[in-house]
Amino acid sequence: MELFAQVAPKTFWNAPNSSTELLVKIFIGLAIGVALFFGLMAAPTQVRKPVLFTTTFVSGLFYVVFWLFPQPINRQPDDAPRNAMEGFSFWISDSQAVIADVTNIVAAFLIGLGIYSLLKVHAGRLVKQQKDWGFSAVLLVSMLAMVIFGYGDFIMRLDPANSKMAGSGYVGWTFWQFGKDLLFNGLLQNMDAAMFSIVAFYILSAAYRAFRARSIEATILLVTALIVMLSLMGLIEFYWGSSVDGLHLSNNFKLTNIAAWLGKNIQTPALRGIDFGVGIGLMAMGLRIWLSLEKTGGTS
Amino acid sequence: MGLQYHDNGWIGIVITLAMVAMILLNIFRAHGTGDLYIRRIAGLNSIDEAVGRATEMGRPVMMVPGISAPVNAKTMQAINIFAYVTRVCARFANPILVCCNDATVLTVCQEVIRDVYQQEGLQDLYDVDSVRFISDRQFAFAGGVAGLILREKAAATFLMGEWYAESLILAETANSVGAIQVASSTEVTQTPFFIAACDYVLIGDEFYAASAFLTRQPVLVGSLIGQDWCKLAIIGIVIVGVISNSIQLMGGSHHTVTQRWNEGKFEGLPKPSPFNAGDTTFSRWLNPDPAKDTKIERPKLPPDEMPQKSAGGGQ
């Protein structure tokens, strides 16, 4: 039975196309997943906690080992390991993509929970005719339409006979493709772009409040922003630049040079400092989660 | 020798492990020490003020844990802070709204918020719909949350976690309804927007210090002190690097080199080349060679283990 095409060299995590080994591995994966799911559901809290701690630790440990264990240098797809150490190194490298996929699969299952949350809130509001129920109706109709047209289009494109649909110029398109295109490219993408464009106006209103010279800090901010903004205005920069052009020293007072100096010597070091702090904080947080030292939300 | 240890790659690993050791050491130290001092963080002091104001106005407190997907350490930190905010809200019987961009974040938020209400003995006040999934598309999420802020007239908003272009849309919308705002972004590009639009902002690692400040758990306080040790170590490395590079770069354009570091060793140059910042010892230590030209002779896999194009496979 042709289940999948083998696209990568054989590793611990895959098997040749149509082989018994492939079926056995799929079965083992499913069995472990189902056992874990129902086992955790049935387990009492005092058992569940150590299981979660162990799972968190083992999952984190994989990435620690992946990072610390010597990785193969310039490995080619058809390379075989030279010794046991390199064999383990290859195994870890091959496993990383699979472990990352496990995260994606779990996240994909949880999308159902997100949809349930949306349906519960908005269907309830629609049925009870609560305040702003019209918005909920629009959301539910939009969601349903996108699911129907998206799925219809997806199914048709799976058929190799419809491969010409992928090309440009609407060749071979049917009601489903036009419907999905209208909903996705015609409406959703444009609404996304409209939301993004609003940011420009919000920047203006936020900048107006931030740059009012009410304190020494706000005044420094105002002057700095003014220099940077003026340095980006071609006409002003041209006349200012012409007026200070000439002496080697006065070239430093060209608006572009002042703005570049501010960016390189004031802004960048400050951002680097913040970045260091955030990076170390993130590392400490990750460490606490990995070792289950963090008691999330559980302490008063 | 592995790829990450090639040339001077081991230096980065040693520095990281040393920082991990400093954090762990201080976590264990904090268990034995009494009350350790943490400086005041204005943004966190304002939480009680914001919730109090929301209670007086009878309007909800809105919390948004950024747009990370799936849940990660940044989201967990935001949720930790929200657990504290929820606890204060629960004590005042103040309604809350938590908006999630991702289903994994929704699940964790629901668990944590429900736990907080249970710990306070106020399960009856917990509304399952107070933690909502909005959308996993960035601007659909921004539009949805902005709409909720306007319709529910949130009295206080807490925007914390990983933010991108939607940060200002939410902050300005909340500002337009007069909400008191406490915000924090782990992205430095968004912090200025929050500073411009919000009342209080946790900058950089203050975000990660927040749970230690709020709960005073020894683990968190110790971790915070460990982070400070790490920062001191980095400051030390920067100072040593500045001095070392300055000394080596003295002489300007007259200073030339006849050999350059490549693949873990010095190689002669056809003609003298100007000595630049990349030639300094410190730069060499911190920028290991990527081993692009290193060739390793290995045996090859048997053909039956490679994908067969005839079976529809192959790259």
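This dialogue walks through how to read a few features of a predicted model.

Biologist: What should I know before reading it?

Modeller: This is a predicted model, in which local features need pLDDT of at least 70, side-chain atom pairs count only at pLDDT 80 or more, and totals for chains, interfaces and linings use all residues. Residues are numbered from 1 along each chain as its sequence is written, while chains are lettered from A and ligands numbered from 1 in the order in which they are written.

Biologist: How are helix 8 and helix 9 of chain B packed, and at what angle?

Modeller: Two packed helices are described by the angle between their axes and the distance between the axes. Axes are lines fitted to C-alpha atoms, for helices over the stretch in contact, and angles run from 0 to 180 degrees between N-to-C directions. Helices (H or I, at least four residues) are DSSP runs, numbered from the N terminus. Here helix 8 (residues 206-215) of chain B meets helix 9 of chain B at about 135°, with axes 8 Å apart.

Biologist: Which residues of the two helices make the contact?

Modeller: Two residues are in contact if their C-beta atoms, placed from the backbone, lie within 7 Å. Helix 8 of chain B contributes Ala209(B), Ser211(B), Ala212(B) and Thr215(B), and helix 9 of chain B contributes Leu220(B), Val221(B), Ser223(B) and Leu224(B).

Biologist: Where is Gln248(B), and what does it contact?

Modeller: Gln248(B) sits in helix 9 (residues 218-249) of chain B. Beyond its neighbours within four places in sequence, Gln248(B) contacts Thr280(B) and Thr281(B).

Biologist: How many residues join chain A to chain B?

Modeller: The contact takes 64 residues from chain A and 77 residues from chain B.
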